[in-house]
Amino acid sequence: SVSAFLLNRSSDLYYRELIGADSGSPMNAGFMTIERCNFDWDVGIHEIYYIIEGTLTVTIDGKVYTAYPGDSIYAPKGSKVAFGSPDKVKVFYVTY
């Protein structure tokens, strides 16, 4: 079953996982929505983000990237990442 999760009650950060460990898969995939907030993330696995709508700002190991609809970002395993959006962004993610 697909469910939506609020990741941080003090901000608008949601994800909806489509496939993951619960289904026996070694990878995860789903959708994430970020609204006007920022958060830090330690990447424990390889992650790819495809921007569907909005603007995503990502800092990976100190380098800042800004992504728009149609762009993709790869965060390698072990990266220190900071995600954010000045508006609202919806992304499709795959992790392995």
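Y15 counts as partly exposed because its relative accessibility is 22%, where partly exposed lies between buried (under 20% relative accessible area) and exposed (over 50%), with a 1.4 Å probe and protein chains only. The model is predicted, so local features need pLDDT of at least 70 and side-chain atom pairs count only at pLDDT 80 or more, whereas totals for chains, interfaces and linings use all residues. Residues are numbered from 1 along each chain as its sequence is written, and side-chain values use heavy atoms, without hydrogens and water.

Y15 is part of strand β2 (residues 12–19); strands are DSSP runs of E, at least two residues, numbered from the N terminus. A C-alpha separation of 5.5 Å is found between Y15 and F31, which are 16 residues apart along the chain.

E47, in strand β5 (residues 47–53), is buried but has no salt bridge (a side-chain nitrogen of Lys or Arg within 4 Å of a carboxyl oxygen of Asp or Glu). The nearest side chain of opposite charge, K77, is 11 Å away; Lys and Arg count as positive and Asp and Glu as negative, with His and the chain ends not counted. Residues in contact with E47 (heavy atoms within 4.5 Å) include W41, I73, Y74 and F83, not counting residues up to four places away in sequence.

Four strands form an open sheet in the order β4-β9-β6-β7, with antiparallel pairing; two strands pair if DSSP finds at least two bridges between them. Strands β4 (38–42) and β7 (63–67) are at the edges with a single partner strand each, so one side of each has no neighbour in the sheet. Five bridges link β6 (residues 56–60) to β7, and T59 has V64 of β7 as its bridge partner.
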